[in-house]
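Let's take a walk through this structure together. We will begin with charged side chains and then move on to helices, loops and surface.

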Amino acid sequence: MAGIKRHSHPRPRRHRSQIPLGILFGLLVLWIGIRFLRSSPTLAFFWFTGIAFGFVLQKARFCFTASMRDAFLTGRTRLTKAVLVAFAITSVGFWALMFGAHQSGRPIPGMAFVAPLGLHTVAGAFLFGLGMVIAGGCASGTLMRVGEGFTMQIIALLFFIIGSLLGAAHFRWWDVTIIQPAPRVHLPQLFGWFGSIAIQLVIIALLWIAADKYGKARQHAATGRTAQK
Amino acid sequence: MQERVLDCLGEPCPVPLVKAQRALEDLEAGDILIVQIDHSCAMKSLPEWARDAGHNVEIEEIDNGEWEVVIEKS
(Lines give C-alpha, C1' and ligand atoms only; values in the text may rest on other atoms or scores of the structure.)
Protein backbone atom coordinates (compact mmCIF):
# COMPACT_ATOMS: atom_id res chain seq x y z
CA MET A 1 0.00 0.00 0.00
CA ALA A 2 2.14 2.83 -1.22
CA GLY A 3 -0.15 5.25 -3.07
CA ILE A 4 -3.52 5.49 -1.37
CA LYS A 5 -3.71 6.45 2.32
CA ARG A 6 -6.72 4.85 3.89
CA HIS A 7 -8.04 5.49 7.38
CA SER A 8 -9.46 2.10 8.16
CA HIS A 9 -7.18 -0.87 8.49
CA PRO A 10 -7.61 -3.64 5.99
CA ARG A 11 -9.01 -6.78 7.52
CA PRO A 12 -6.30 -9.16 8.73
CA ARG A 13 -4.99 -11.36 5.97
CA ARG A 14 -5.73 -15.02 6.08
CA HIS A 15 -4.16 -15.69 2.73
CA ARG A 16 -2.58 -19.11 2.41
CA SER A 17 -0.56 -20.52 -0.43
CA GLN A 18 -2.57 -22.77 -2.70
CA ILE A 19 0.44 -24.12 -4.59
CA PRO A 20 0.83 -27.44 -2.64
CA LEU A 21 -2.88 -28.11 -3.15
CA GLY A 22 -2.52 -27.23 -6.83
CA ILE A 23 0.33 -29.67 -7.33
CA LEU A 24 -1.63 -32.40 -5.54
CA PHE A 25 -4.67 -31.71 -7.70
CA GLY A 26 -2.56 -31.65 -10.88
CA LEU A 27 -1.15 -35.10 -10.06
CA LEU A 28 -4.66 -36.39 -9.37
CA VAL A 29 -5.86 -35.08 -12.75
CA LEU A 30 -2.91 -36.76 -14.46
CA TRP A 31 -3.49 -40.06 -12.64
CA ILE A 32 -7.21 -40.12 -13.52
CA GLY A 33 -6.33 -39.20 -17.14
CA ILE A 34 -3.90 -42.11 -17.41
CA ARG A 35 -6.52 -44.47 -15.95
CA PHE A 36 -9.01 -43.22 -18.59
CA LEU A 37 -6.41 -43.71 -21.32
CA ARG A 38 -6.26 -47.44 -20.54
CA SER A 39 -10.00 -47.98 -20.90
CA SER A 40 -10.94 -45.36 -23.51
CA PRO A 41 -8.66 -42.85 -25.31
CA THR A 42 -11.72 -40.73 -26.21
CA LEU A 43 -12.61 -40.33 -22.55
CA ALA A 44 -9.02 -39.35 -21.73
CA PHE A 45 -9.09 -36.83 -24.59
CA PHE A 46 -12.32 -35.26 -23.27
CA TRP A 47 -10.91 -35.23 -19.74
CA PHE A 48 -7.72 -33.41 -20.66
CA THR A 49 -9.23 -30.98 -23.18
CA GLY A 50 -12.09 -30.19 -20.77
CA ILE A 51 -9.71 -29.40 -17.93
CA ALA A 52 -7.40 -27.43 -20.24
CA PHE A 53 -10.36 -25.40 -21.51
CA GLY A 54 -11.54 -24.68 -17.97
CA PHE A 55 -8.02 -23.66 -16.96
CA VAL A 56 -7.69 -21.22 -19.87
CA LEU A 57 -11.19 -19.84 -19.23
CA GLN A 58 -10.43 -19.23 -15.56
CA LYS A 59 -6.99 -17.72 -16.04
CA ALA A 60 -7.93 -15.57 -19.04
CA ARG A 61 -11.19 -14.39 -17.45
CA PHE A 62 -12.72 -14.76 -20.87
CA CYS A 63 -16.37 -14.11 -20.08
CA PHE A 64 -18.92 -14.37 -22.88
CA THR A 65 -21.60 -12.91 -20.64
CA ALA A 66 -19.58 -9.80 -19.87
CA SER A 67 -18.66 -9.39 -23.53
CA MET A 68 -22.34 -8.89 -24.39
CA ARG A 69 -23.59 -7.32 -21.17
CA ASP A 70 -20.91 -4.81 -20.20
CA ALA A 71 -21.28 -2.81 -23.39
CA PHE A 72 -24.81 -1.88 -22.29
CA LEU A 73 -24.32 -1.84 -18.53
CA THR A 74 -20.99 -0.11 -18.05
CA GLY A 75 -20.02 0.97 -21.55
CA ARG A 76 -16.93 -1.22 -21.60
CA THR A 77 -16.30 -3.06 -24.86
CA ARG A 78 -12.86 -4.59 -24.27
CA LEU A 79 -14.31 -8.09 -23.89
CA THR A 80 -16.74 -7.53 -26.76
CA LYS A 81 -13.75 -6.86 -28.99
CA ALA A 82 -11.86 -9.85 -27.58
CA VAL A 83 -14.78 -12.17 -28.39
CA LEU A 84 -15.03 -10.73 -31.90
CA VAL A 85 -11.33 -11.40 -32.45
CA ALA A 86 -11.86 -14.98 -31.20
CA PHE A 87 -14.78 -15.36 -33.64
CA ALA A 88 -12.59 -14.13 -36.49
CA ILE A 89 -9.82 -16.62 -35.64
CA THR A 90 -12.21 -19.57 -35.29
CA SER A 91 -14.00 -18.54 -38.49
CA VAL A 92 -10.75 -18.82 -40.43
CA GLY A 93 -9.96 -22.14 -38.72
CA PHE A 94 -13.35 -23.72 -39.42
CA TRP A 95 -13.32 -22.35 -42.94
CA ALA A 96 -9.90 -23.89 -43.57
CA LEU A 97 -11.04 -27.28 -42.26
CA MET A 98 -14.21 -27.23 -44.37
CA PHE A 99 -12.54 -25.89 -47.49
CA GLY A 100 -9.71 -28.43 -47.18
CA ALA A 101 -12.21 -31.27 -46.99
CA HIS A 102 -14.15 -29.85 -49.93
CA GLN A 103 -11.00 -29.58 -52.07
CA SER A 104 -9.92 -33.16 -51.44
CA GLY A 105 -13.43 -34.49 -52.00
CA ARG A 106 -13.96 -35.68 -48.42
CA PRO A 107 -17.27 -35.02 -46.65
CA ILE A 108 -17.28 -31.53 -45.14
CA PRO A 109 -16.88 -31.76 -41.34
CA GLY A 110 -19.34 -30.03 -39.03
CA MET A 111 -22.24 -29.88 -41.51
CA ALA A 112 -24.49 -31.49 -38.90
CA PHE A 113 -24.06 -28.30 -36.87
CA VAL A 114 -25.39 -26.07 -39.63
CA ALA A 115 -28.70 -25.68 -37.82
CA PRO A 116 -31.93 -24.44 -39.38
CA LEU A 117 -32.20 -20.67 -39.13
CA GLY A 118 -35.34 -18.79 -38.19
CA LEU A 119 -37.16 -16.74 -35.58
CA HIS A 120 -36.52 -19.55 -33.10
CA THR A 121 -32.80 -18.68 -33.30
CA VAL A 122 -33.55 -15.10 -32.25
CA ALA A 123 -35.97 -16.18 -29.51
CA GLY A 124 -33.50 -18.73 -28.15
CA ALA A 125 -30.61 -16.27 -28.20
CA PHE A 126 -32.71 -13.68 -26.37
CA LEU A 127 -33.75 -16.16 -23.67
CA PHE A 128 -30.18 -17.42 -23.29
CA GLY A 129 -28.90 -13.84 -22.97
CA LEU A 130 -31.51 -13.01 -20.36
CA GLY A 131 -30.64 -16.14 -18.39
CA MET A 132 -26.90 -15.66 -18.49
CA VAL A 133 -27.07 -12.07 -17.28
CA ILE A 134 -29.33 -13.02 -14.34
CA ALA A 135 -27.27 -16.11 -13.48
CA GLY A 136 -24.03 -14.13 -13.81
CA GLY A 137 -22.49 -16.45 -16.37
CA CYS A 138 -23.07 -18.49 -19.50
CA ALA A 139 -22.80 -22.28 -19.38
CA SER A 140 -19.00 -22.49 -19.33
CA GLY A 141 -18.66 -19.44 -17.10
CA THR A 142 -21.08 -20.82 -14.53
CA LEU A 143 -19.23 -24.14 -14.42
CA MET A 144 -15.92 -22.35 -14.03
CA ARG A 145 -17.20 -20.24 -11.12
CA VAL A 146 -18.72 -23.25 -9.40
CA GLY A 147 -15.19 -24.64 -9.52
CA GLU A 148 -13.92 -21.44 -7.93
CA GLY A 149 -16.41 -21.97 -5.11
CA PHE A 150 -18.83 -19.12 -5.73
CA THR A 151 -21.96 -20.22 -3.86
CA MET A 152 -24.58 -18.28 -5.81
CA GLN A 153 -23.57 -19.97 -9.02
CA ILE A 154 -23.97 -23.42 -7.51
CA ILE A 155 -27.68 -22.53 -7.32
CA ALA A 156 -27.48 -21.29 -10.93
CA LEU A 157 -25.91 -24.62 -11.95
CA LEU A 158 -28.68 -26.57 -10.19
CA PHE A 159 -31.39 -24.73 -12.14
CA PHE A 160 -29.28 -24.92 -15.28
CA ILE A 161 -29.44 -28.71 -14.96
CA ILE A 162 -33.19 -28.67 -14.21
CA GLY A 163 -33.81 -26.40 -17.21
CA SER A 164 -31.66 -28.53 -19.50
CA LEU A 165 -33.55 -31.67 -18.47
CA LEU A 166 -36.92 -29.97 -19.07
CA GLY A 167 -35.67 -28.73 -22.42
CA ALA A 168 -34.37 -32.13 -23.45
CA ALA A 169 -37.68 -33.74 -22.43
CA HIS A 170 -39.81 -31.75 -24.87
CA PHE A 171 -37.18 -30.77 -27.42
CA ARG A 172 -38.61 -33.22 -29.97
CA TRP A 173 -41.85 -31.27 -30.30
CA TRP A 174 -40.03 -27.97 -30.95
CA ASP A 175 -37.66 -29.72 -33.30
CA VAL A 176 -40.39 -31.27 -35.44
CA THR A 177 -42.82 -28.34 -35.50
CA ILE A 178 -40.53 -25.31 -35.65
CA ILE A 179 -36.85 -26.06 -36.10
CA GLN A 180 -36.67 -28.70 -38.84
CA PRO A 181 -39.03 -26.93 -41.30
CA ALA A 182 -36.80 -23.84 -41.23
CA PRO A 183 -34.12 -23.47 -43.94
CA ARG A 184 -30.51 -24.48 -43.30
CA VAL A 185 -28.12 -21.74 -44.35
CA HIS A 186 -24.51 -22.61 -45.10
CA LEU A 187 -22.73 -19.46 -46.21
CA PRO A 188 -20.27 -21.11 -48.66
CA GLN A 189 -23.26 -22.46 -50.62
CA LEU A 190 -24.70 -18.96 -50.85
CA PHE A 191 -21.64 -16.83 -51.51
CA GLY A 192 -18.98 -19.33 -52.57
CA TRP A 193 -16.03 -20.43 -50.45
CA PHE A 194 -13.98 -17.25 -50.68
CA GLY A 195 -16.98 -14.93 -50.69
CA SER A 196 -18.35 -16.42 -47.49
CA ILE A 197 -15.17 -16.05 -45.45
CA ALA A 198 -14.65 -12.52 -46.81
CA ILE A 199 -18.21 -11.48 -45.90
CA GLN A 200 -17.92 -13.04 -42.44
CA LEU A 201 -14.61 -11.32 -41.69
CA VAL A 202 -15.86 -7.95 -42.98
CA ILE A 203 -18.95 -8.17 -40.75
CA ILE A 204 -16.79 -9.07 -37.73
CA ALA A 205 -14.43 -6.19 -38.53
CA LEU A 206 -17.36 -3.74 -38.79
CA LEU A 207 -18.72 -4.98 -35.44
CA TRP A 208 -15.24 -4.55 -33.92
CA ILE A 209 -15.02 -0.96 -35.17
CA ALA A 210 -18.54 -0.24 -33.89
CA ALA A 211 -17.69 -1.72 -30.48
CA ASP A 212 -14.46 0.28 -30.32
CA LYS A 213 -16.16 3.58 -31.22
CA TYR A 214 -19.08 2.94 -28.85
CA GLY A 215 -16.72 2.07 -25.97
CA LYS A 216 -14.66 5.21 -26.51
CA ALA A 217 -17.76 7.40 -26.71
CA ARG A 218 -19.17 5.97 -23.45
CA GLN A 219 -15.76 6.37 -21.75
CA HIS A 220 -15.56 9.95 -22.96
CA ALA A 221 -19.06 10.75 -21.68
CA ALA A 222 -18.26 9.23 -18.27
CA THR A 223 -14.99 11.11 -17.72
CA GLY A 224 -16.55 14.34 -19.05
CA ARG A 225 -19.28 14.09 -16.42
CA THR A 226 -16.78 13.64 -13.58
CA ALA A 227 -14.70 16.55 -14.81
CA GLN A 228 -17.69 18.90 -14.73
CA LYS A 229 -18.48 18.14 -11.08
CA MET B 1 -11.98 13.39 2.95
CA GLN B 2 -14.34 10.59 3.52
CA GLU B 3 -13.97 6.90 3.22
CA ARG B 4 -16.73 4.46 2.33
CA VAL B 5 -16.78 0.69 2.52
CA LEU B 6 -18.98 -1.12 0.04
CA ASP B 7 -19.78 -4.70 0.95
CA CYS B 8 -20.24 -6.70 -2.26
CA LEU B 9 -19.36 -10.12 -0.87
CA GLY B 10 -21.41 -12.80 -2.55
CA GLU B 11 -22.45 -10.59 -5.46
CA PRO B 12 -21.68 -11.81 -8.97
CA CYS B 13 -19.84 -9.93 -11.66
CA PRO B 14 -21.72 -6.84 -12.80
CA VAL B 15 -23.22 -5.95 -9.40
CA PRO B 16 -20.03 -4.74 -7.64
CA LEU B 17 -19.07 -2.63 -10.65
CA VAL B 18 -22.49 -0.99 -10.96
CA LYS B 19 -22.65 -0.36 -7.19
CA ALA B 20 -19.14 1.10 -7.20
CA GLN B 21 -19.97 3.38 -10.14
CA ARG B 22 -23.01 4.74 -8.27
CA ALA B 23 -21.13 5.11 -4.99
CA LEU B 24 -18.29 7.00 -6.68
CA GLU B 25 -20.72 9.51 -8.15
CA ASP B 26 -21.65 10.64 -4.63
CA LEU B 27 -18.03 11.01 -3.53
CA GLU B 28 -15.72 13.99 -3.96
CA ALA B 29 -12.24 13.94 -5.48
CA GLY B 30 -9.75 12.53 -2.97
CA ASP B 31 -12.38 10.41 -1.24
CA ILE B 32 -11.75 6.72 -0.90
CA LEU B 33 -14.08 3.86 -1.74
CA ILE B 34 -13.27 0.37 -0.53
CA VAL B 35 -15.15 -2.36 -2.36
CA GLN B 36 -15.11 -5.82 -0.80
CA ILE B 37 -15.58 -8.56 -3.38
CA ASP B 38 -15.28 -12.32 -3.64
CA HIS B 39 -16.15 -12.78 -7.32
CA SER B 40 -13.03 -13.24 -9.38
CA CYS B 41 -14.53 -11.56 -12.45
CA ALA B 42 -15.29 -8.40 -10.54
CA MET B 43 -11.66 -8.46 -9.39
CA LYS B 44 -10.77 -7.91 -13.05
CA SER B 45 -13.56 -5.68 -14.31
CA LEU B 46 -13.78 -3.29 -11.37
CA PRO B 47 -10.12 -2.17 -11.20
CA GLU B 48 -9.99 -2.04 -15.00
CA TRP B 49 -12.96 0.26 -15.21
CA ALA B 50 -11.75 2.46 -12.34
CA ARG B 51 -8.27 2.85 -13.85
CA ASP B 52 -9.76 3.72 -17.23
CA ALA B 53 -11.95 6.34 -15.55
CA GLY B 54 -8.74 7.88 -14.15
CA HIS B 55 -8.96 6.91 -10.48
CA ASN B 56 -6.15 5.48 -8.37
CA VAL B 57 -6.72 1.82 -7.68
CA GLU B 58 -5.11 -0.69 -5.37
CA ILE B 59 -6.08 -4.30 -4.85
CA GLU B 60 -5.52 -6.26 -1.69
CA GLU B 61 -6.08 -9.96 -1.48
CA ILE B 62 -7.53 -10.51 1.98
CA ASP B 63 -8.08 -14.23 1.71
CA ASN B 64 -8.04 -16.85 -1.01
CA GLY B 65 -10.66 -15.49 -3.40
CA GLU B 66 -11.52 -12.40 -1.34
CA TRP B 67 -10.34 -8.95 -2.26
CA GLU B 68 -10.58 -5.32 -1.23
CA VAL B 69 -10.43 -2.92 -4.13
CA VAL B 70 -9.37 0.49 -2.86
CA ILE B 71 -10.37 3.31 -5.20
CA GLU B 72 -9.29 6.91 -4.69
CA LYS B 73 -11.50 9.22 -6.68
CA SER B 74 -9.60 11.74 -8.77
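B:Glu48 and A:Arg78 form a salt bridge, with their closest N and O atoms 3.6 Å apart; the term stands for a side-chain nitrogen of Lys or Arg within 4 Å of a carboxyl oxygen of Asp or Glu. This pair crosses between chains, running from helix α2 of chain B to helix α4 of chain A. A:Arg78 is exposed at a relative accessible area of 53%, where exposed means over 50%, buried under 20% and partly exposed in between (1.4 Å probe, protein chains only).

Before going further, a word on what you are looking at: this is a predicted model, in which local features need pLDDT of at least 70 and side-chain atom pairs count only at pLDDT 80 or more, while totals for chains, interfaces and linings use all residues. Residues are numbered from 1 along each chain as its sequence is written, chains are lettered from A and ligands numbered from 1 in the order in which they are written, and side-chain values use heavy atoms, leaving out hydrogens and water.

B:Glu48 also meets A:Arg76 in a salt bridge (2.9 Å, N to O). A:Arg76 sits in the loop between α3 and α4 of chain A; helices here are DSSP runs (H or I, at least four residues), as are strands (E, at least two), numbered from the N terminus. A:Arg76 forms a salt bridge with B:Asp52 as well, at 3.0 Å between the closest N and O atoms. Together, A:Arg76, A:Arg78, B:Glu48 and B:Asp52 are linked in a network of salt bridges. Within it, A:Arg76 is buried at 9% relative accessibility, whereas B:Asp52 is partly exposed at 42%.

A:Thr74 belongs to the loop between α3 and α4 of chain A. Is A:Thr74 buried or exposed? With a relative accessible area of 9%, A:Thr74 is buried. Leaving aside neighbours within four places in sequence, A:Thr74 is in contact (heavy atoms within 4.5 Å) with A:Arg218, B:Leu17 and B:Gln21.

Now turn to the helices α1 (residues 19-39) and α2 (residues 41-60) of chain A, whose axes come within 6 Å and cross at roughly 155°. Axes are lines fitted to C-alpha atoms, for helices over the stretch in contact, with angles from 0 to 180 degrees between N-to-C directions. The two helices are therefore roughly antiparallel. Among the residues that meet are A:Phe36 in α1(A) and A:Trp47 in α2(A).

How values were computed: Parallel < 35°, antiparallel > 145°, perpendicular 65-115°, else oblique.
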